[in-house]
Amino acid sequence: MLILNTFINICGSSFSTALDRYNIKIENALIFHDELDLPLASIRFKNSIGHNGHNGIRNIIDNIGRGVFLKRIAVGIGRPKEKLEIVKYVLSKFSYLEKKKIYESIFPTIKNINQLIKNWDDF
């Protein structure tokens, strides 16, 4: 398993380079990303060609080419309750309780990642 740890908004070049360097087919890649349109700590499995306004996914698509299906696990961060700018909200830190809730949500997903990938088409 190869894990890239970089800023999502500018990860496209690193993602593309890693695929090439380690001879990974795009259909075997899995992207974890935040998702405003999901409640905090909820998980959604996606297999899509679009970015749905997500700048990081847009950057990946710009680097690997359009029309490619991307396997993704979206982790909900919810939308801000106040009239806070989206960018400011996305870049803000989670509270201790929010972090705990997210970790508890994604841990089973990560723990069972091989099984999830194996059965991806069932989702």
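These notes cover the sheet, the helices packed on it and one asparagine in a predicted model.

1. Basis. Local features need pLDDT of at least 70 and side-chain atom pairs count only at pLDDT 80 or more, while totals for chains, interfaces and linings use all residues. Residues are numbered from 1 along each chain as its sequence is written, and side-chain values use heavy atoms, with hydrogens and water left out.

2. Sheet. Three strands form an open sheet in the order E1-E3-E2, with mixed pairing. Strands (E, at least two residues) and helices (H or I, at least four) are DSSP runs numbered from the N terminus; two strands pair if DSSP finds at least two bridges between them. Strand E1 (30-35) and strand E2 (43-48) are the edge strands, each pairing on one side only. On average, neighbouring strands are turned by 30° against each other, direction ignored.

3. E2 and E3. Strand E3 (residues 70-76) pairs with E2 in the antiparallel sense over 6 bridges. Asparagine 47 stands opposite lysine 71 in E3.

4. Helices on the sheet. Helix H2 (residues 55-64) packs on the sheet and touches E1 and E3; contact means heavy atoms within 4.5 Å. The direction of H2 makes about 165° with that of E3. Axes are lines fitted to C-alpha atoms, for helices over the stretch in contact, and angles run from 0 to 180 degrees between N-to-C directions. Helix H4 (residues 96-111) lies across E1, E2 and E3, at about 50° to E2.

5. Asparagine 59. This residue of helix H2 is buried, with a relative accessible area of 19% (buried is under 20%, exposed over 50%, partly exposed in between; 1.4 Å probe, protein chains only). Leaving aside neighbours within four places in sequence, asparagine 59 is in contact with Asn9, Ile10, Cys11, Gly12 and Ser13.
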